[in-house]
Every structure is written in C-alpha cells, then in structure tokens.
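How do helices pack against one another here?

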Amino acid sequence: MNETALTVHQTARPHGFPTAEHFAFVESTLPEPAAGGALVENLYWSVDPYHREMMDDVPGGFVLDAPLEGRTIGRVIASRTPQLAEGEIVFHRQGWRTHSVVTPQEIRRLPRFEGVPLTAYLSTLGGTGLTAYVGLTRIARLQEGEDLFVSAAAGGVGTATGRFARLLGAGRLVGSAGSPVKSDHLVREVGYDAVFDYHDGPAADLLGKVAPDGIDVFVDNVGGEQLAAAIGALRTFGRIVRVGTISQYNTPDAPAPRFDHADIVEKSLRMEGFLVSNYHDVQEELYDFAVPHLQSGRLAPDETVVDGFEGIVDAFLGMLRGENTGKIIVRDRTQSRP
C-alpha cells in the first residue's frame, strides 16, 4: 500500500480557458478512517464538462485550495465499519485524489454484470449515460422514427445519445463534431447518418445540408450558434433538450444566440433543461435498458482512457479542448496491467 496520498486542488479562478497553473497536486500522508468510515484507494476517475463551471465563483462551486469533487470508482482498503468490507468496489464523488475517506452513506455499491467493465459505470452506465438516457426518454420523449440533431456528438453524452437513440428506433440521426476524424468515427462506429464539422461554416448552413428536411429533436450540449440553427430547423412540435453550454464555459462574455423567437410559438416548440442529479430514480431502468445490449455487443462504450492519476489535470483540459472521443476516464496504472 502506498504510504502517501495525492489530491488535486484548484488554486485560482480562471478567466477564460483554464490552464494547468490553476491546479496543484498536494501530497500528504495516507488518511486514516475514523470510526464508522473506510479508506478507499481510487482506481478510476471521471472528468466532466460541469467541472469547468464549478471552477468559477458560483454557488456550489469548487473551494480554492481544497480537494476537488468528482465521480470515482475505488476499492476499500481499510474499514472501520461493518457496512463496508475491505476489497469492496464502490462508487463515490470524492474524486481528484488517490485515496478518499468515505462513510457508507457517501458511497454506492455497483452491481456487477458479466462482461461489463468497471469503466462503463463512469460512461455508458454512469452519469454520462444517464444524462443521455434521461434526455431522450424523459425530456425529448423520443418516438420511433423521429429525426435528431446532437451537438458535440463526439463527446461522452453525444456518443451515448447517438447509440441510445439508435436502440430506441430513431429515424435520421445527425450531429456536429470538431474534426473529420471524429465525424468519421460517429458515422462508422456510433450510428450517425451524417455529421458536420462545426468549423466549416455557419451552423445553420451546415445543419441544412445534413438535415434538409428538418429535425424533430435537438439534444444540445453546446448552445450558441448551433442552438440558433436547430431552432430554425425544428419541425412543428419539435423539442430541444438542453444538456450543457460548452461554447460559453470559457467565453462567458460571448453574445447570446440570435434566433427568431416567433419560431418557438409558431412551431409549438418546447425547450427544457435538466440536471441528471434529479433523476437518480432512473438508474435501475438504465441498467435494464443498456446492460443486455452491452453484453450482446450491440452497444459499445465510447471511452478515451488516460493512464495514471498524474494525468488527471491534462485529461480535464484536453476534454475541454475536445481532444477526446466519447467519455474521458483516468485510470490508475495498476488497472492497465494485463
């Protein structure tokens, strides 16, 4: 067992795009659990777009010079409670550190399904997959044969949305991505019918080329110009599922998207945002839906895995720059050994 622990602290608020200088790795002696708690050695870490919002001075945001929060999977290595046995694999939110002290109330035990890797609980079966599933089934109320547009389609939520939409019987499925390589992956591997590179011109023109007959549902991870383009392309009774606003995370002063507000009324459109934290009751339904497809191979997780906790900051910054395809996960080096 390592005798030291590493945590990541945020040391300053970014103005625009964050850099490695906004973070510090802090070494300490291995923490000891108090009575009723347990020590977890973390094995897999999730870095997510919402972490960028938490870096700002906002309610519930990251506290400076303190360990950061994040979704994590680890193994109990010392326990002072009968409710947590040594060797148990648990999910918790005290990430961005190599070791965490937790109580039974702060963890979730993960069901183990044959043939399903642990990383899936941070991607397809985790908050990323749950966001995609809730967006399609609860917010969009997707009907078989309906046509979708997904922005940031190569990200974690975008790839999961595409794969789930195919399994749910969607019609034409189009997306946006940041490179030809990503666009090709989405068409060849994920099941998108067409994908445009948002660098190639005005979003409205690019969307019109891949979806000339319009769309029924827009799953929006980006906001900005692509949101405005989608409002113009939506058919009557179209729905907009607001997941995130990546385009503004590092440019808070960017102008709001301009669109014809009359479209909302004249086409009877509905726009709804949501927080996945309000839908934990759907988790078991997600397992029932996704696990059989994972086991059969019909559903594949889209993951970019970074080895070594020391790479967690670079992984986070790379995700913000769009360097990943699918969900980005940091893996302890012990888990990468054959």
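Predicted model: local features only at pLDDT ≥ 70, side-chain atom pairs only at ≥ 80, totals over all residues.

Residues are numbered from 1 along each chain as its sequence is written, and side-chain values use heavy atoms, without hydrogens and water.

Helix H3 covers residues 156-167 and helix H4 residues 180-190 (helices are DSSP runs of H or I, at least four residues, numbered from the N terminus). Their axes lie 11 Å apart, at an angle of about 30° (axes are lines fitted to C-alpha atoms over the stretch in contact; angles run from 0 to 180 degrees between N-to-C directions). That makes H3 roughly parallel to H4 (angles under 35 degrees; over 145 is roughly antiparallel, 65 to 115 roughly perpendicular, the rest oblique). Thr159, Gly162, Arg163 and Arg166 of H3 meet Leu186, Glu189 and Val190 of H4 (contact means heavy atoms within 4.5 Å).

Now the second pair. Helix H2, residues 127-139, packs on H3 at about 50°, with the axes 8 Å apart. H2 and H3 are therefore oblique to each other. Their crossing is right-handed. From H2, the contact uses Thr128, Gly129, Thr131, Ala132, Tyr133 and Leu136. H3 supplies Gly156, Val157, Ala160, Thr161, Phe164 and Ala165.

Technical notes:
Helix = DSSP H or I, 4+ residues; strand = E, 2+ residues; numbered from the N terminus. Left-handed = near helix turned anticlockwise from the far one by under 90°.
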